[in-house]
Every structure is written in structure tokens, then in C-alpha cells.
Amino acid sequence: MNETGDTLLARAHKTVAVDQDGPVLHVRLNPTRQDDTLGVAVLDDLIAVLDDLHGRPDIRVLVLSSEGDDFCLGADRTEYETALATDPTGAALRRITDRAHRLCNALETTHAITIARLHGKVIGAGLALAAFCDLRAAADTCRFRMPEVGLGLPPAWGGAMGRLISEAGVARIRELLLTCDVFDADTAHRIGLVHEIAPLDQLDKKVGAWTRPLLRRSPEALVLTKRMLAGYARADRTADVSLLDSHLLTPYLVPIRNQGPAAD
């Protein structure tokens, strides 16, 4: 592996595991199996991996998964509460939320085709993270939820609302956001939040069925097609206010600081 490749792997060892298999990069959340939330350190590591991809045109596909019991339980609200306690103006909290926007933008715009491999629970910010991947495969036992309104929060993480609406449609996303209902993999597949479902022990096979033909495609054609699709998706978000997410979220977190730690 070249020096750049070594850097790519070394920079992500704290909170995500990164392994390269030829032109495929596997990025796995929660390598210690201790925390299924998206804390600041995880956001920073994921951003670093995606930033490093700018110099790695040989990486054609990125598969995002998790080694924990669940793909992701959402953002780490204990960090939100700590940030507000340290800086009641909300500036520190806004910096955390702005990281989420940077991460989701990097996922949407990277040249690599991104595949989310989902299992267990996919909650809140975890679903937002998956939504910004190009392709999404879920175990048939997956459970999804958008709990923000139930927690007294606006759905403001990473600009996810616009992306979710462009992927699944405003009517269904409105229902799921307002009710905070848990929904299963079949429902997620039916409304377009996941593209394929499979038994957990067949999930890697499903991801491989995408990866192999992608690697046979022209890299230039894939990058151009991905960016055209992103352009059309963003055109649907002409009133995109995602850069305001951090400002929208901060005042709502002040009243819940004493509710105790929880993932969203």
C-alpha cells in the first residue's frame, strides 16, 4: 500500500475501523462494540476518511457498516448537554452540529460510490447518515425510527430532512417524523429508504452483488452519474436551510439538559 493509503487507514483507528480490499474501502462504526452513537470523535474520523478520499481515485466503492449490535442509535446527546453546560451561548453545540453537516455533504459528494450496510436499530442521526449513502441494504430484522420530535427536538442533523424527503417523499417522511413510529425493513424498502433487504446472514452477499458490477463500470461514468443525481436531488431542495440546523437545534436542547443521557 502506498503512503497515502497508509495515512487513510491510520487516521481512522480511534472510533472507526477502516480496511481496504483493492478498490473497496470498508468503514465500520463502533469497532470496540461499546458505543453505537455518533459522537464528535466518530464524526471527525468519518470526515477525515472522506477527506482523504480526495487523493485516492483508486478507491471506487466505500461500504459503511457497524461492528456493534446496531448500525447506529443516533447522535450522542450527552455531548450536546456537556457542550451547553460548558458554553451556554450554544456556540460549542453549533460546532458539533456543523460537523454533521460537513460529514453528510462529504458522503453525498465523494467520488466513491457509497453503500450503507444496515443491521439492528437505525435511529435518528444514524438513519440520516445512511440516507446520504448512494445505496442502502438492510437486514430484514432492521428497525428504524426518527425520534426527534418525541424528544422535543427539531429534525435538524446534517441537513437530513431534505435528503430524506428527496429519497422517500414528503408525505411518508412527514408521517414518520411527526409520529416517531418505529418501522421495519419492509416499510423502509417500500418507501425507498433502503434499496434491498435480506436476511442478516445474506447481507454481505447482497452488498457484494452491487460491488462487483460497480467495479466493472467506467470510473468516469460513475462519478459523473453520481454527481448528476446529486445535482437533481439538490434541485429538489431549492429552499435548503440545512446550514441553519445547528442554530435550530441549540435552543431546543436547553430545556432537556436535565433529562439524562440518551441517544436520539
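**Salt bridges and strands**

Analyst: Asp204 counts as exposed, at 52% relative accessibility. Keep in mind that this is a predicted model.

User: What does Asp204 form a salt bridge with?

Analyst: Arg117 is the partner, and the closest N and O atoms are 2.6 Å apart. Arg117 lies in strand 4 (residues 113-118) and Asp204 in helix 9 (residues 203-216), so the pair ties together parts that are 87 residues apart in sequence.

User: And Arg117, buried or exposed?

Analyst: Arg117 is buried, at 13% relative accessibility. The cut-off for buried is under 20%.

User: How many salt bridges are there in the whole structure?

Analyst: A search finds 12. One of them joins the side chains of Arg102 and Asp51, at 3.7 Å from N to O.

User: How accessible are Arg102 and Asp51?

Analyst: Arg102 is partly exposed at 47% relative accessibility. Asp51 is also partly exposed, with 34%.

User: What about Glu108 and Arg163?

Analyst: Their side chains meet in a salt bridge, 3.0 Å from N to O. Glu108 is in helix 4 and Arg163 in helix 6 (residues 160-168), so parts 55 residues apart in sequence are tied together. Glu108 is buried at 4% relative accessibility. Arg163 is buried at 5%.

User: Which residues are joined into one network?

Analyst: Asp19, Arg28 and Glu67, through salt bridges that share partners.

User: Switching topic. What's the strand order in the open sheet?

Analyst: The order is 5-7-8, three strands with mixed pairing. Strand 5 (121-123) and strand 8 (183-184) are the edge strands, and each pairs on one side only.

User: Strands 5 and 7: parallel or antiparallel?

Analyst: Strand 5 pairs with strand 7 (residues 143-145) in the parallel sense, over three bridges. Lys121 stands opposite Arg143 of strand 7.

User: Last one. Which residues make the nonpolar surface patch?

Analyst: Leu224, Met228 and Tyr232 make a patch of about 360 Å². Tyr232 belongs to helix 10 (residues 219-235).

User: Why does Tyr232 count as exposed?

Analyst: Because its relative accessibility is 61%, and exposed means over 50%.

Notes:
Residues numbered from 1 in each chain as written. Predicted model: local features only at pLDDT ≥ 70, side-chain atom pairs only at ≥ 80, totals over all residues. Heavy atoms only, no water. Pairing = 2+ DSSP bridges. Helix = DSSP H or I, 4+ residues; strand = E, 2+ residues; numbered from the N terminus. Patch = residues over 30% accessible without salt bridge, like charges linked within 9 Å, V, L, I, M, F, W, Y side chains within 5 Å. Areas by Shrake-Rupley, 256 points an atom, 1.4 Å probe, with all protein chains shown as cover. Salt bridge = Lys/Arg side-chain N within 4 Å of Asp/Glu carboxyl O. Buried < 20%, exposed > 50% of the residue type's maximum accessible area, 1.4 Å probe, protein only.
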